[in-house]
Amino acid sequence: MSSAPTPDPQASRTAPEADQPRPKPRLVFDDPLDQQSSDDTDRGWGERPPAGGSAADLARFLDEKPPHHV
């Protein structure tokens, strides 16, 4: 008699993804300064897309009001 636990047959199986090696990341030699960053756009600075109407102007005014004007 052995007091050692019996090995679980399902524990020894590996996932199919584990058998395949991960692909290496692709090297990109482009100039990163040629690409537009999110800070180069109005949206990157938190600007809203232009919307017409006085209600939109009022909402923008209330959102952008400095705290000392409350």
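Reply: A residue is called buried when its relative accessible area is under 20%, exposed when over 50%, and partly exposed in between. In this predicted model, buried residues make up 0% of the 70 residues. The protein exposes about 7600 Å² in total, and carbon and sulfur atoms supply 55% of that area. Its secondary structure comes to two helices and zero strands.

The part examined here is helix α2, with what lies around it. Helix α2 covers residues 54-63, and L62 lies in it. L62 has a relative accessibility of 47%, so it counts as partly exposed. Together with L58 and F61, L62 forms a nonpolar patch on the surface. The accessible area of L58, F61 and L62 together is about 320 Å².

Next come the charged side chains. The structure holds one salt bridge, and R60 and E64 are the residues whose side chains form it. The N to O distance in that pair is 3.1 Å. The cut-off for a salt bridge is 4 Å between a side-chain nitrogen of Lys or Arg and a carboxyl oxygen of Asp or Glu. Side chains of opposite charge can pair when their charged atoms come close. R60 has a relative accessible area of 41% and is therefore partly exposed. E64, at 48%, is partly exposed too.

R60 also has a contact with E47. E47 is found in the loop between α1 (16-19) and α2. Leaving aside residues up to four places away in sequence, E47 touches D42 and R60. The C-alpha atoms of E47 and R60 are 9.7 Å apart, while the two residues are separated by 13 residues in sequence. With 34% relative accessibility, E47 counts as partly exposed.

To put the part together: L58, F61 and L62 make up the nonpolar patch, R60 is bridged to E64, and E47 in the loop touches R60.

Methods. Residues numbered from 1 in each chain as written. Predicted model: local features only at pLDDT ≥ 70, side-chain atom pairs only at ≥ 80, totals over all residues. Heavy atoms only, no water. Patch = residues over 30% accessible without salt bridge, like charges linked within 9 Å, V, L, I, M, F, W, Y side chains within 5 Å. Areas by Shrake-Rupley, 256 points an atom, 1.4 Å probe, with all protein chains shown as cover. Helix = DSSP H or I, 4+ residues; strand = E, 2+ residues; numbered from the N terminus. Buried < 20%, exposed > 50% of the residue type's maximum accessible area, 1.4 Å probe, protein only. Contact = heavy atoms within 4.5 Å.
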